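Trainee: Could you walk me through this one while I have it open? I'd like to start with the hydrophobic packing and then jump around a bit.

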Amino acid sequence: MKSPRKEAFVDSLQLPKDVCMGALRVTLTGNGEAWIENYKGILEYTGQVILLQGKTCQVCFEGSRLSIDYYTNEDMKISGCIQSVRFL
Amino acid sequence: MIGILQYCRGYLRIRVRGFSPERFMNLCSNRDILLWNITREDGVYDMNISLRSFYKLRPIARKTGTRVAILERYGLPFLVPQLLRRKMFCAGLFLALGFWIWSSFYVWDIELTGNYQITEDIFEDFLEEAGVHVGMPKEDLDIGTLEKEIRRTFKQVTWTSARLSGTRLRIEIKENDAPILTEEQKKDGGSDLVAEYDGTIESMIVRNGVPKVSIGESVEKGTVLVEGSIPVYNDDATVKEYQYVRADADIMLLHERTYTARLPYSHIQKEYTGRTRTQRFLRFGNREIRLPQERPFLVYDTVVRESRPQFFEMLSIPVWIGRKTHREYLDVEYEYTLDEAESLLNEKIMTFLISLEEKGVQIIEKNVKIDTNGGTWVITGNFQVREPIGVSVDIRPPKDMGETGSDE
């Protein structure tokens, strides 16, 4: 999916990858909160797993008592006890 | 802040169930519908959504095959119609609002600061006379005139500032710290210094004028001590004319002063019986509200304590609460014992002596005795004192004297 050419181009111009490549941007604060930007949608949402679809990959948050504080087109916030973040 | 905004615009808690709630959420976010506090319980999703966005949900729900149910409603759009249904509540609200606005056209409190010599009672009386009182309309208040009036009435006030802050009239004054000097009128004519008492001159320093007595001389009351008319002589030692000056000198006179004070044997003293009765009251402005009560005792005095709750003071509401304590007493006639009489009379004489000392009088010798005389104690004090004397007496212009002097 990734085009090496485009990546080289973005790299050489030192452009932010989340904007140009549509890469997922995850900000974690401890294991309690996570802010996610640049996603396409939710694939699965339970108290233990939240699976999100990005442009190039999927990201899976696993933990307990997970909940979505807010959810918009731009970004979302997950809170709860996050045990792992996996990219699929 | 965001919470308040959301509350103002109204939001709902909805429950989404069905085939694919995740897809429902994705579609929502694609259409810029904000969802928050999304929780999952037993296969159903609960979330908050703004009222406006809720109306856009129908096509999404149909598309995703989910069912949306409203759990709770929050915010003003739901609260207001509910309140409007309660007619009396609305009426009360509007009346309260009206009253609030109406009452803001009046002065509800007068605050005075910076007064030391002028007591608040005196100032209140003055304000009453000037037509300024609690409860007067703001538009009747002329602050400029009031400030001028304050300065004119109270001479010791050097600066005033009155201003309205809300419904409170704040008056600030500055008093003159220095004593007010009565202006000494400059007179054209001169003046003599005249003795006030009989006695012997002990010392004399003349600054202005012609001394007429010498040290050691005994003078009588009314004797001219220093004359304010200075003769100007011709070559032949005759008086040409007089120059009139204000005689000025420090003269100490040795003389005797007597002081007598009387004290009747008996006096009436309040003796409290210890029986008191308390009455509470509420005061609005000048109107007092209290429970009706008959005359508590035959003879009594009353102590009033009142205070204004902080809350009312802050809001400038003229409400005071207080307590009146009526204390019963009996008039009992007492006779002074010798010791009591002595100490009371001595006190009197001490205050007299202190007042003398304040005037610069030195006491050289004193002789005090206490006697009884016709139902009273009499204290007689004879004091040998050294006292500064000399009162100014204007010279009656002896016009012809000057004229004749020059004629010769």
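Trainee: Which residues touch the most other members in the largest nonpolar core?

Mentor: In this predicted model, the largest nonpolar core has 29 residues, and A:Ile36, A:Ile78 and B:Leu35 touch the most other members. A nonpolar core here is a set of buried Ala, Val, Leu, Ile, Met, Phe, Trp, Tyr and Cys residues joined through C-beta atoms within 7 Å, where buried stands for 20 or more other C-beta atoms within 10 Å of the residue's own, exposed for 12 or fewer, and partly exposed for in between, with C-beta atoms placed from the backbone.

Trainee: And which element gives the most to it?

Mentor: That is S5(A), with four residues; helices (H or I, at least four residues) and strands (E, at least two) are DSSP runs numbered from the N terminus.

Trainee: What is A:Ile78 in contact with?

Mentor: Leaving aside neighbours within four places in sequence, A:Ile78 is in contact with A:Ala34, A:Ile36, A:Ile50, A:Phe61, A:Leu66 and A:Ile68, a contact being two residues whose C-beta atoms, placed from the backbone, lie within 7 Å.

Trainee: Before I go on, how are the numbering and the confidence limits set?

Mentor: Residues are numbered from 1 along each chain as its sequence is written, while chains are lettered from A and ligands numbered from 1 in the order in which they are written. Local features of this predicted model need pLDDT of at least 70 and side-chain atom pairs count only at pLDDT 80 or more, whereas totals for chains, interfaces and linings use all residues.

Trainee: OK, interface next: how many residues of each chain are in contact?

Mentor: On chain A there are 14, in contact with 13 residues of chain B. The elements giving two or more residues to the chain A side are strand S3 (39–45) and strand S5 (58–71), and by class that side has six nonpolar, six polar and two charged residues. Ala, Val, Leu, Ile, Met, Phe, Trp, Tyr, Cys and Pro count as nonpolar, Asp, Glu, Lys and Arg as charged, and the others, Gly among them, as polar.

Trainee: Which strand of chain B is S5(A) joined to, and is it parallel or antiparallel?

Mentor: S5(A) runs antiparallel to strand S2 (residues 35–41) of chain B, with three bridges joining them, and pairing requires that DSSP finds at least two bridges between two strands. A:Tyr70 stands opposite B:Trp36 in S2(B).

Trainee: Switching to chain B, which strands make up the open sheet?

Mentor: The four strands have the order S10-S12-S8-S22, with antiparallel pairing. Strand S10 (210–211) and strand S22 (391–394) are at the edges with a single partner strand each, so one side of each is left without a neighbour in the sheet. Within the sheet, B:Val226 of S12(B) is the bridge partner of B:Leu193, and B:Pro211 also stands opposite B:Val226.

Trainee: What about the hairpin of S16(B) and S17(B)?

Mentor: Strand S16 (residues 266–284) and strand S17 (residues 287–290) of chain B pair in the antiparallel sense over four bridges, with B:Leu282 opposite B:Ile289. Two residues lie between the strands, and B:Gly285 in the turn has a positive phi of about 60 degrees.

Trainee: Last one: how much of chain B counts as buried?

Mentor: Of its 408 residues, 15% count as buried, and the secondary structure of chain B comes to eleven helices and 22 strands.
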